[in-house]
Amino acid sequence: MTTWFPVALMTAFAALVVGLMVTINAIVGPRSRDPVKGEAFECGNPPSGSAWRRFSVHFYLTAILFLVFDVEVVFLYPWAVTIRQLGATGLVEAGIFIVLMLAGLIYALRRGMLDWS
Amino acid sequence: MQALGPLILSWRSVLAPGIVALTAVVTMLVGSGLSEDESESVGWIALTGLVAAAIASLAASGDHIVTFGGSLIIDDYTAFFYLLIPVCSAVVVLFSFDYVAALGLPATEYYALLLFATTGMMLMAGAGDLIVMFLGLETMSISAYVMAAMAQRDPKSSEAGLKYFLLGAFSTGFLLYGIALLYGATGSIKLEAVAQMVRKHSIALSPFVLLGLGLILVGFGFKVAAAPFHVWTPDAYEGAPTSVTALMAVGIKLGAFAGFIRVLLIYLAPLHAQWSGVLWALAALSMTVGNLAALAQENIKRMLAYSAIAHAGYILVGMTAGRSEVGPALLYYLLGYAFANLGAFAVLVAVEQAQQSGTKLDDLSGLARNHPMLAAAMALFMLSLMGMPPLAGFVGKFYIFSVALESRYVWLVIIATLNSVVSAYYYARVIVAMYMREGAERQAQTRQPTLLFALAVAALATVIIGLLPHPYISASSAAYASAEQVLRPATAALQTK
Amino acid sequence: MIVEFPALNLLLLMPAIGVAFNLFFGYRLGRSAVNTVSVGVVAIAFALSVWATVKLATMPPGSCLQAQLGPWIYAGPLRLDVLLRFDALAAVMSLVVSGVGCLIHIYSCGYMGEDPDFARYFAYMNLFTFSMLLLVLAGNLLLMFVGWEGVGLCSYLLIAFWYDNPLFAFNGRKAFVVNRIGDVGFLLGIFVLFSAFASHGLWTLDFAEMRERAGLISPAIATIACLLLFFGATGKSAQIPLYVWLPDAMVGPTPVSALIHAATMVTAGVYVVARLNFLFALSPSTMEAVATIGTVTAFFAATIALAQSDIKRVLAYSTISQIGYMFLGAGVGAFGAAIFHVVTHAFFKALLFLGAGSVIHALGGEQDMNRMGGLRRRMPLTHAAMLAGTLAISAVPGFSGFFSKDEILQAAYTSGHKTLWLIAVVTAGLTGLYMFRLFFLTFYGKPRLSEERFAEVHEPPFVMAMPLVVLAALSVFGGLIGLPEGVLWGNQIGAFLAPITGRVSAAPAQAVMLLSAITSGVTFIGIILALIGYVVIPTLPERLAAWAQGLYRLLWSKYYVDELYDFLITRPVLFLSSAILGRNVDSLAIDAVVDGTGEAVQGGATAVRRVETGNVQHYVLIYLGGVLLIVGYYLLSALRH
């Protein structure tokens with residue numbers, strides 16, 4: 001029971017804080033109900049056009065590619081740090097990893113992901 | 001050379017899935033360099049890789065050894081699935097050739113994803129820790145999401161893919177949370193370590209372990225399409241291209257059950273009292289929902305989806321019993337189920353192509369007249385799924401139910417038997433449609449040697465596994481026994497205490 | 001004594017060869033090749049059965065021949081082989097199956113002479129013979145179940161043989177599904193027996209072993225197992241409550257009705273009970289149930305038969321009724337007598353069906369007795385054969401049915417089941433009445449056919465007439481294998497079967513005479529009533545029907561049992577299926593939204609709409625419900641600790 005006590009305390013405290021903030025805000029906060037307030041962006045410019053605008057799918061593809069290689073780098077950092085301990089096995093494994101990523105890149109290039117025409 | 005020993009051992013465990021994964025990469029690279037028409041021939045690369053992997057599965061057989069620090073396991077259980085899964089995928093490839101072209105699916109991506117999915121399934125079978133298990137599951141699932149949505153001309157296909165993906169992502173969260181809870185409670189993701197920890201009473205009954213167990217049941221329940229986590233199945237099965245449905249109904253089930261059975265029946269066996277009740281409910285619900293809903297279906301793919309739910313229920317009946325006698329029965333059942341289902345979907349693919357029709361029950365009318373061999377094969381698969389002796393489906397059901405009864409799950413067996421009777425009705429409907437209804441005169445069939453070969457393989461397997469079950473049961477027994485070895489000494493120690 | 005006899009394998013495989021031949025070469029090689037091979041394989045099977053029986057008869061009582069076709073299921077401690085065993089019971093059954101089967105195959109050559117689907121027909125018939133022989137020869141319960149399911153499948157295929165008629169296909173499916181309902185019982189019975197023996201470390205379903213170790217089974221378990229198995233038997237043998245499929249099964253070709261739905265398959269239930277008599281003996285209450293259900297079915301079916309006008313339906317109800325007698329015999333412990341009645345019934349019922357088939361064939365498919373009449377003059381041979389069959393089924397003394405039915409009734413009386421005996425005797429009278437009603441309506445009185453059609457009526461060709469003559473001879477003289485004790489050579493078949501089925505103690509001779517006299521007297525009353533009602537004063541039945549309108553309509557509508565089942569079982573299941581699962585989840589929600597907005601659902605829009613109308617949300621909701629239940633369950637159980 002005693003081990004759980006801090007957790008319970010924490011939970012109760014969190015609930016209390018949130019509850020307090022919401023209540024105080026509701027009581028104290030100023031309110032204005034004019035049409036400008038109801039707009040999507042309170043910047044003075046009336047919003048125009050649909051919010052559901054289409055973006056070229058190339059943005060997504062590039063983003064995905066970026067993400068893939070970004071993650072690759074994330075994986076390579078720890079390997080670089082412990083390169084000596086991991087030795088030959090580590091080298092082989094990282095090599096396989098990089099080759100696989102390269103295969104992906106080749107595939108992406110062949111499928112024309114980086115063509116902007 | 002001495003130092004290379006463990007390394008060689010490790011590579012043995014990864015050889016078969018490695019071949020599949022490598023083939024996938026090769027397929028992807030070669031295929032993307034070819035023109036649209038040429039790229040269909042990459043199917044042969046995929047086929048070669050799958051056959052090679054099936055042969056390489058031998059490398060994983062043997063006594064229970066853990067490799068890669070516990071991440072992958074070498075034993076006959078692994079080898080059993082390393083063999084079965086690529087064979088099933090190969091059969092799917094065999095009947096995909098013309099179908100991919102006819103539907104205008106991107107061939108390169110189709111085969112590459114099929115191979116990646118296969119890799120995932122195999123990893124699930126060989127996984128020795130929960131992370132690799134999860135990795136396999138995700139590799140398999142994500143490939144399947146994409147494949148389900150591949151027929152871009154068909155809005156139903158996109159719908160299938162989207163629904164499958166949404167609910168799949170949802171359930172992945174639960175599974176991962178379950179794994180995390182189990183890790184939190186036991187301090188390890190290695191299945192063996194987890195098993196040892198949960199054997200201690202104090203840990204086994206902690207809320208973390210129980211919740212983790214529950215969420216893992218949810219996650220696997222989704223993948224094996226057990227009710228109430230089955231809701232995605234009919235839509236996904238119906239909308240996906242038929243060959244992909246076959247992969248979902250067979251390969252994904254095999255992979256998911258391979259992992260599920262290993263985790264639950266072997267490593268979490270000490271918690272049997274904790275999970276058997278939930279499995280009981282899942283089994284009863286799956287069988288009943290699956291069979292009753294299948295009665296009302298007019299589309300065969302949808303009907304087979306509900307039938308797959310029902311079959312998951314039958315397998316869960318065996319898992320509920322949880323005794324080690326039931327293990328071989330489950331593997332044998334999966335064997336029979338896999339080929340009967342593959343065959344049924346192969347027939348559907350053939351029908352869709354030969355008649356340029358859909359997969360409604362009406363589309364099969366008069367099939368016996370137009371394509372007697374297709375009809376005969378379909379009848380065979382339906383009878384096996386129905387559990388008609390002496391086909392594989394019957395022997396498997398008998399085997400599972402009798403062990404469950406031995407374990408005193410009387411009501412569950414009664415529900416199961418009643419259900420298997422209800423199922424006779426909708427399987428019989430297919431036969432009735434083919435043999436006893438007149439269909440429109442159709443054009444002559446397109447000859448497809450690979451498809452016919454796939455059909456022949458499935459039909460022969462269904463008959464032989466049922467008529468001469470002995471070698472298959474012993475193979476299943478050996479596989480399960482070798483997976484169980486991990487527990488023997490520990491159990492003995494527990495008893496002496 | 002057990003002797004290896006590999007020819008048994010051949011006996012079983014002969015019809016299988018026929019199946020393969022008909023399927024693969026049938027249409028290519030033509031009608032005469034199909035006829036020759038199909039009849040030939042069954043004839044060879046019959047010859048082998050005779051050979052084996054002769055060999056068995058020369059061996060000491062209680063011996064058997066056996067042959068092992070191969071190993072089957074070896075799972076853990078369980079070892080089941082494809083083992084065939086030929087003992088006295090199997091001998092009698094396989095002689096009937098292959099012998100009567102062979103005659104009916106010959107008859108079929110004529111009957112199906114015009115049908116373009118002859119190869120399919122004979123493939124099914126041979127497959128049936130194979131399955132039935134497997135059922136009879138199987139050395140263990142599970143192998144028997146394979147045959148059991150096989151005959152059910154063939155029955156379904158053959159009922160729906162003329163599938164152009166949707167009703168026929170529907171009836172086929174009805175037979176199949178009703179049989180599967182019985183199979184639940186049968187399978188559960190097997191499971192119970194299996195786990196009962198397994199709990200004593202005896203992993204077996206072998207008949208001989210089970211018989212030897214039957215003492216291990218407690219009476220309570222035996223009762224459960226036997227009741228379940230008997231429930232399965234009521235399905236296959238068309239007894240209450242699962243008899244509803246048999247009358248509808250009559251839409252199949254008539255030789256099929258003769259072979260499957262009269263002579264052989266429907267008696268499989270009786271065979272099972274006789275085969276497992278050592279288990280049924282452990283449970284007196286099950287025996288009572290068997291006897292009671294048999295008797296009630298016999299009476300119930302006989303009353304329905306009185307009011308039917310379709311010639312084959314009358315015969316179907318008479319089959320149900322006669323099988324009721326067999327179960328009465330089995331239920332009072334006279335298993336030998338029950339099997340004896342199976343044999344004589346196979347003779348005369350096959351004869352009656354084939355005779356009816358000749359009539360139907362001659363009349364171009366007419367089955368309504370109200371449009372027959374006076375056929376005696378046009379078909380003297382068929383008339384004579386039908387007379388032999390009718391006399392035999394009515395159990396007129398001297399004819400085959402008399403001896404077997406009398407043995408059953410005597411056993412019922414001497415074992416103290418006086419009420420059942422009384423009902424059975426009344427039923428005997430009803431049998432005489434409805435059978436002679438059929439006979440008179442068909443062959444006597446004024447022809448009710450149009451002149452020109454009547455003139456076209458003709459005797460069947462030789463291939464159809466020959467089996468009729470042989471079966472007529474068997475119906476007349478077949479009873480001689482089981483004379484009452486003390487008369488001439490006595491009860492040969494009873495003595496032959498005794499090592500397996502046991503024997504009941506016979507009543508004293510005087511009582512035997514008296515009981516026989518009573519039964520025969522009641523039978524004669526029935527026959528005379530039929531004579532009066534359908535020959536002497538033909539208007540009487542109509543007046544009677546008008547007078548007792550309610551009763552007549554009740555009988556005519558078969559006690560509304562079909563409607564009752566439809567209301568109680570079929571509809572609820574279909575409702576559950578479509579309302580809760582098929583519709584609610586997938587379509588109801590979508591339909592409601594889609595129809596509500598009144599938009600046309602088309603093409604691409606469907607997919608999007610289905611995703612957007614909350615369908616997936618519904619799915620997630622169901623899913624989440626499951627998650628909450630499981631999580632709640634574990635939280636609760638965690639709290640308890």
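How many bridges join β2(C) to strand β3 (residues 78–86) of chain C? The views below take that up, along with other parts of this predicted model. Residues are numbered from 1 along each chain as its sequence is written, while chains are lettered from A and ligands numbered from 1 in the order in which they are written. Because the model is predicted, local features need pLDDT of at least 70 and side-chain atom pairs count only at pLDDT 80 or more, whereas totals for chains, interfaces and linings use all residues.

**View 1. Strands β1, β2 and β3 of chain C.** Nine bridges join β2(C) to β3(C), and these two strands run antiparallel. Here Tyr74(C) stands opposite Arg79(C) in β3(C). Strand β1 (residues 2–4) of chain C pairs with β2 (residues 64–75) in the parallel sense, over three bridges. Look for Val3(C), which stands opposite Leu65(C) in β2(C). Strands are DSSP runs of E with at least two residues, helices are runs of H or I with at least four, and both are numbered from the N terminus. Two strands pair if DSSP finds at least two bridges between them.

**View 2. Helix α10 of chain C.** Ten of the ten residues of this helix (residues 254–263) are buried, so it is largely enclosed by the rest of the structure. Among them are Thr254(C), Pro255(C), His261(C) and Ala263(C). A residue is buried if 20 or more other C-beta atoms, placed from the backbone, lie within 10 Å of its own, exposed if 12 or fewer, and partly exposed in between. The buried residues of α10(C) pack against several helices of chain C, including α3 (88–111), α4 (118–137) and α14 (311–331).

**View 3. Met326 of chain C.** Met326(C) lies in helix α14 of chain C. With 32 C-beta neighbours inside 10 Å, Met326(C) counts as buried. Leaving out residues up to four places away in sequence, Met326(C) touches Thr267(C), Val270(C), Gly294(C), Ala338(C), His341(C) and Val342(C). Two residues are in contact if their C-beta atoms, placed from the backbone, lie within 7 Å. Val535(C) is 209 residues from Met326(C) along the chain, and their C-alpha atoms are separated by 32 Å.

**View 4. Where chain B touches chain C.** Of the two pairs of chains that touch, B and C have the most contacts. The contact takes 57 residues from chain B and 57 residues from chain C. On the side of chain B, α19(B) gives the most, with eleven residues. The residues of this side divide into 45 nonpolar, seven polar and five charged. Here Ala, Val, Leu, Ile, Met, Phe, Trp, Tyr, Cys and Pro count as nonpolar, Asp, Glu, Lys and Arg as charged, and the others, Gly among them, as polar. No contact joins chain A and chain C, whose closest C-alpha atoms lie 13 Å apart.

**View 5. Chain B and its end.** Chain B has 22 helices and two strands. Of its 497 residues, 69% count as buried. Where pLDDT is low, the predicted coordinates should not be read in detail.
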